[in-house]
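Me: I've just opened this one and want a quick tour. Can you start with the terms I need?

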Amino acid sequence: MTDTGRDTDTDATTGGDGGGGSGRVPFDLRPQARLVARVAGHITDEQLAAPTPCPDYAVRHLLGHVLGLAGAFREAAGKEFGPTLDQAPGSVLPDVGPGWRAELPAALDAMAEAWRDPAAWQGMTRAGGIDLPGEVAGLVALDELVVHGWDLARATGQEYAPDEASLEGARALLAPAAQPDPAGDGPSDGGLFGTPVKVPDDAPLLDRVIGLSGRAPD
């Protein structure tokens, strides 16, 4: 796939630098949501049963997970508290139905649009049964798109090049958890989503983010 999904469609409501002032949002999720939709759009029916870097998840299960998280994080952005936001990740094996090719891009677009509202990044919300600040939930949503987009691309042999702002957002979420224990008693507890894989400091930013997520970039 040659379309990297880079998107310059930003406006005055989008900061893109992680700062986020009044009336602005720290990160625009649209470029990454569109990239994941494009990767999914190139997946063939024959590839749905292929393994992915996520243990126990075939491509179809990972697509189902992305579809589910898109809906959940759209609700999290709008503080729409209900059963979806209370469900812990991994409680059921996700999957896709026959209409997923239309449902997934629509769900990704709706999620990204929801996080364009500055109010989504403010106050408290909930995701996966955990209460957390809106600004953290937004970064988790962005990180999920970046990392699982890579999972899908790797599983199906596609090129993958997220925009730099999205990668910086994912790194900002993952890097602190990978730092040594400030008490000096040893390393951290293994990062947010798995034990980080050591990657050279001069490696591409995508490889460093993937390493922080507990995956080997190579």
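This is a predicted model: local features need pLDDT of at least 70, side-chain atom pairs count only at pLDDT 80 or more; totals for chains, interfaces and linings use all residues.

Me: What does the secondary structure of the protein chain come to?

Reply: Seven helices and two strands. Along the sequence, the pattern reads α-α-α-α-β-β-α-α-α.

Me: Where does Asp56 lie?

Reply: In the loop between helix H1 (30–41) and H2.

Me: What about its phi?

Reply: Asp56 is not a glycine, yet its phi is positive, about 75°.

Me: Why is that worth a look?

Reply: Because most residues other than glycine have a negative phi.

Me: Is Asp56 buried or exposed?

Reply: Exposed. Its relative accessible area is 72%, and the cut-off for exposed is over 50%.

Me: Which value does phi of Lys79 take?

Reply: Near 55°. That is again a positive value in a residue other than glycine. Lys79 sits in the loop between H2 and helix H3 (83–86). Lys79 is partly exposed, with a relative accessible area of 23%.

Me: OK, on to helix packing. How do the axes of H2 and H5 cross?

Reply: At roughly 160°. H2 covers residues 59–77 and H5 covers residues 134–155. Their axes come within 11 Å.

Me: So is H2 roughly parallel or antiparallel to H5?

Reply: Roughly antiparallel, because of that crossing angle. Angles over 145 degrees count that way.

Me: Left-handed or right-handed crossing?

Reply: The crossing of H2 and H5 is left-handed.

Me: Which residues make the contact?

Reply: From H2: Val59, Leu62, Leu63, His65, Val66, Leu69 and Phe73. From H5: Ala137, Val140, Ala141, Glu144, Leu145, His148, Asp151, Leu152 and Ala155.

Me: How does that contact split by class?

Reply: Twelve residues are nonpolar, two are polar and two are charged.

Me: Now the whole chain. How much of it is buried?

Reply: Buried residues make up 45% of the 218 residues in the protein chain.

Me: Last one. Take contacts between residues at least 6 apart in sequence. What share join residues at least 24 apart?

Reply: In the protein chain, 65% of those contacts do.

Definitions and conventions
Residues are numbered from 1 along each chain as its sequence is written. Side-chain values use heavy atoms; hydrogens and water are left out. Axes are lines fitted to C-alpha atoms, for helices over the stretch in contact, and angles run from 0 to 180 degrees between N-to-C directions. Helices (H or I, at least four residues) and strands (E, at least two) are DSSP runs, numbered from the N terminus. Angles under 35 degrees count as roughly parallel, over 145 as roughly antiparallel, 65 to 115 as roughly perpendicular and the rest as oblique. A crossing is left-handed if the near helix is turned anticlockwise from the far one by less than a right angle, and right-handed if clockwise. Contact means heavy atoms within 4.5 Å. Ala, Val, Leu, Ile, Met, Phe, Trp, Tyr, Cys and Pro count as nonpolar, Asp, Glu, Lys and Arg as charged, and the others, Gly among them, as polar. Buried means under 20% relative accessible area, exposed over 50%, partly exposed in between (1.4 Å probe, protein chains only).
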